[in-house]
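Visitor: I would like to learn how to read aromatic ring pairs in a model such as this one. Could you take me through them?

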Amino acid sequence: MSVHFEEKSGVVPCQTPWGSWYQTMEEVFIEVNVPHGTTAKEVKCHLGSSDIELHVKGKEIFKGKLYGTTVSDEATWTLEDKCLIQIILMKTNREAGNCWSSLLEGEYCANAWVQDQMQRKLTLERFQRENPGFDFSGAEISGNFAGGGPDFSSSQK
């Protein structure tokens with residue numbers, strides 16, 4: 001569901017010196033630009049449940065404690081076209097209110113506008129999951145969307 005929603009509605013990336021990261025309700029995606037011709041043997045990547053570390057050609061790209069926890073045995077990294085590393089982390093808390101404000105604690109923070117757009121996107125993704133017959137991919141949202149938006153669960157029955 002997330003992939004389909006993201007394909008139709010786009011992503012809200014947080015730009016960094018090495019590339020960008022973005023998120024859905026379930027996953028965090030990290031895209032790292034590396035020198036063209038980089039091989040997988042030159043990449044050292046540790047993906048823990050609460051920490052991450054990436055080295056390329058012996059140079060540290062980032063290292064630290066993740067903003068939230070992830071399922072480490074479901075994390076993956078790939079090297080695309082010998083110039084882009086893609087890392088996918090599965091969040092342990094998969095609710096719309098769990099919008100990461102930074103990739104690492106205190107590092108690679110989303111600015112206020114990007115954070116606002118990320119939260120809007122996660123709230124619309126939640127609405128899409130709760131209402132599969134509707135298409136929220138082009139929707140705009142205003143009002144109370146912080147923390148995943150309003151909770152209608154008690155009024156549905």
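Guide: A search of the whole structure finds 7 aromatic pairs, where rings of Phe, Tyr and Trp (its six-membered ring) pair if their centres lie within 6.5 Å, with planes under 30 degrees apart counted as stacked, over 60 as edge-to-face and the rest as tilted. This is a predicted model, in which local features need pLDDT of at least 70 and side-chain atom pairs count only at pLDDT 80 or more, while totals for chains, interfaces and linings use all residues. Residues are numbered from 1 along each chain as its sequence is written, and side-chain values use heavy atoms, with hydrogens and water left out.

Visitor: How are the rings of Y22 and F29 arranged?

Guide: Their centres are 4.9 Å apart and their planes lie at 10°, so the pair is stacked. Buried means under 20% relative accessible area, exposed over 50%, and partly exposed in between (1.4 Å probe, protein chains only); Y22, at 13%, counts as buried, and F29, at 14%, counts as buried too.

Visitor: Why is the pair of Y67 and W100 classed as tilted?

Guide: The ring centres of Y67 and W100 are 6.2 Å apart and the planes stand at 50°, so this pair is tilted. It links distant parts of the chain, with Y67 in the loop between β6 and β7 (76-80) and W100 in the loop between β8 and β9, 33 residues apart; strands (E, at least two residues) are DSSP runs, numbered from the N terminus. Y67 is partly exposed at 36%, whereas W100 is buried at 0%.

Visitor: Which residues do ring pairs link into a cluster?

Guide: W18, F62 and Y108 are joined in this way.

Notes: Helices (H or I, at least four residues) and strands (E, at least two) are DSSP runs, numbered from the N terminus.
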